[in-house]
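Here are my notes for you to read next to the picture. Take them one at a time and find each spot as you go.

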Amino acid sequence: MGRSSRLHVLHAVAMFLLILSGLMLSSQSFRGTLADLRIYLRYAHIIGGIIFAVTTAAYIGPLTVKWKACAGQTMQKAGYIVFVFLAAGAFLTGVFLIFGINIETADGLSTLNWHKGLAIINITAVLYHSLSELVNFLTNLSNDMGSGNVDGGFQVDRRNFIRWSSVVAALFGGGVIANWLRGGGNENPFLNKATRFANCNQMEPPPSPNLGSVPPIGGGYEGKFEVFTVTKIPCANSDSWQFRLFGLVDQPLTLSWKEFLEIPRKVQISDFYCVTGWTVYHATYEGIPLSRFIDLAKINPQVRYVKFYSADGLYTSALSLEQAKMEDVMVAVLMDGEPIPSDLGGPARLIVPKMYAYKGVKWINAIEFIAEPHIGYWESRGYENDAWVKGKQI
Ligand SMILES: Nc1nc2c(c(=O)[nH]1)N[C@H]1C(S)=C(S)[C@@H](COP(=O)(O)O)O[C@H]1N2
Ligand SMILES: [Mo]
């Protein structure tokens, strides 16, 4: 194999690794039972990205030679520019994701969306390139076998093929981009944002919003929530729902929905950062500040950490007592003036605005006050226990 074809193989292998691990990372299957693999998938994806970047850089040399050789061939040149632009964009957004750098752009377009969007265009380009090369190869093959129509026929077919696959690729790419611009996914754009999500909870009465929740002082959130869960989404009913405070406390409590709603709530505007690179801006949350629970339960002096449980029976997370006392940590019941739907962790979910959202336990139903650290679900699978969002550490 020559030097340039070895480079091509390496580049193709990196691409394959990236596409495979990328698709797996964005699939919900690698939460839940396969969650332990997620952290390795992430490494595989990063290594694929590094090989991809190196092989792309190594292409710059041969490309400049070709560039000079194809004077006048505008399409060819445009192709090279697109290749370099796509590769650089995917790589740069990937680096941003690794270092948790947010690019704030239009509604719904977080760093992760940019990365995925560029990846999809890249994949389309790779498919197009491989297919047209395959057609090229087959054409040559049949030409070699001397199948009559040597110069004319196949050429035209091939040109047609390329033209049509470009149209398909453009439509596909355009559709994907339009979908993201619209704010994406399987959400119905005609519904109010909070009610775009499924809600299987039956909570009576619903929490009555405080001043500031309706209309939401944040003006409605911007961005796009991904619905994350590691189990089946649990549905709550106010008849059986309970909220427990226990551990090293003088006053263990089991609150009914009605009692829970009697605790005074406050309204705040918070951003919501997922460590995988998507962000939701200025959501208006109404909830019970964690400090109220600390007071209610009358915690003992030995308490150093606070552990949070989910009604899904599996997910947990924890904060140090000091972190739990931050004034913006709350158990939220309303977002933008509406009950938090079950998809997004309702009837009650934890909000820790200064930290990544894996601290924000969905379907929270118990708080335990403890003396020793607890390592939560994602924390035990490699995520930082101190989950500070860059620049927000107190
Ligand atoms: N019970 C539970 N809580 C959870 C999770 C989960 O899988 N289960 N995922 C966490 C992560 S990683 C994020 S980013 C947010 C996502 O919240 P959303 O599904 O409301 O968008 O919830 C956090 N809390
Ligand atoms: Mo997350």
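Which residue in β3 is the bridge partner of Phe243? Look for Leu255.

1. **Ground rules.** This is a predicted model, where local features need pLDDT of at least 70, side-chain atom pairs count only at pLDDT 80 or more, and totals for chains, interfaces and linings use all residues. Residues are numbered from 1 along each chain as its sequence is written, chains are lettered from A and ligands numbered from 1 in the order in which they are written, and side-chain values use heavy atoms, with hydrogens and water left out.

2. **The whole chain.** The protein chain holds 8 helices and 11 strands. Helices (H or I, at least four residues) and strands (E, at least two) are DSSP runs, numbered from the N terminus. Out of 394 residues, 45% count as buried. Buried means under 20% relative accessible area, exposed means over 50%, and partly exposed is in between (1.4 Å probe, protein chains only). The accessible surface comes to about 20,300 Å², and 63% of that belongs to carbon and sulfur atoms. Such areas come from the Shrake-Rupley method with a 1.4 Å probe; for residues, only the protein chains shown count as cover.

3. **The sheet.** Back to our opening pair: β2 (residues 242-247) and β3 run antiparallel to each other, paired over 4 bridges. Two strands pair if DSSP finds at least two bridges between them. They belong to an open sheet of 5 strands with mixed pairing, in the order β3-β2-β11-β6-β7. β3 (253-256) and β7 (316-320) are at the edges with a single partner strand each, so one side of each has no neighbour in the sheet. On average, neighbouring strands here are turned by 15 degrees against each other, direction ignored.

4. **A helix on the sheet.** Helix α7 (residues 290-297) packs on this sheet and touches β2, β3, β6 (305-310) and β11 (364-370). Contact means heavy atoms within 4.5 Å. The direction of α7 makes about 60 degrees with that of β11. For these angles, axes are lines fitted to C-alpha atoms (for helices over the stretch in contact), and angles run from 0 to 180 degrees between N-to-C directions.

5. **Salt bridges.** A salt bridge is a side-chain nitrogen of Lys or Arg within 4 Å of a carboxyl oxygen of Asp or Glu. By that rule, the count is 7. One of them joins Lys258 and Glu262 (3.7 Å, N to O). Both sit in helix α6 (residues 257-262), 4 residues apart, or about one turn of the helix, and both are exposed. Arg265 and Glu286 also meet, at 2.8 Å, N to O. Arg265 is in the loop between α6 and β4 (266-273) while Glu286 is in strand β5 (residues 279-289), so this pair ties together parts 21 residues apart in sequence. Both of these residues are buried. Lys224 and Glu226 form another salt bridge (3.7 Å, N to O), and they are both buried too. Glu327, Asp328 and Lys354 are linked in a network.

6. **A nonpolar patch.** Find Leu17, Leu34, Leu37, Tyr40, Tyr43 and Ile47: they form a nonpolar patch on the surface, with about 590 Å² of accessible area together. Patches are made of residues with over 30% relative accessible area and no salt bridge; like charges are joined within 9 Å, nonpolar side chains (Val, Leu, Ile, Met, Phe, Trp, Tyr) within 5 Å. Helix α2 (residues 35-69) gives the largest share, 4 residues. Leu37 lies in that helix and counts as partly exposed because its relative accessibility is 41%.

7. **Two loop residues.** Is Lys359 buried or exposed? At 1% relative accessibility, Lys359 counts as buried. It lies in the loop between β10 (349-351) and β11, and the residues it touches include Ser317, Leu350 and Glu379. Asp312, in the loop between β6 and β7, counts as buried as well, at 14%. The C-alpha atoms of Asp312 and Thr231 are 6.5 Å apart, although 81 residues separate them along the chain. Leaving aside neighbours within four places in sequence, Asp312 is in contact with Val230, Thr231, Pro234 and Trp363.
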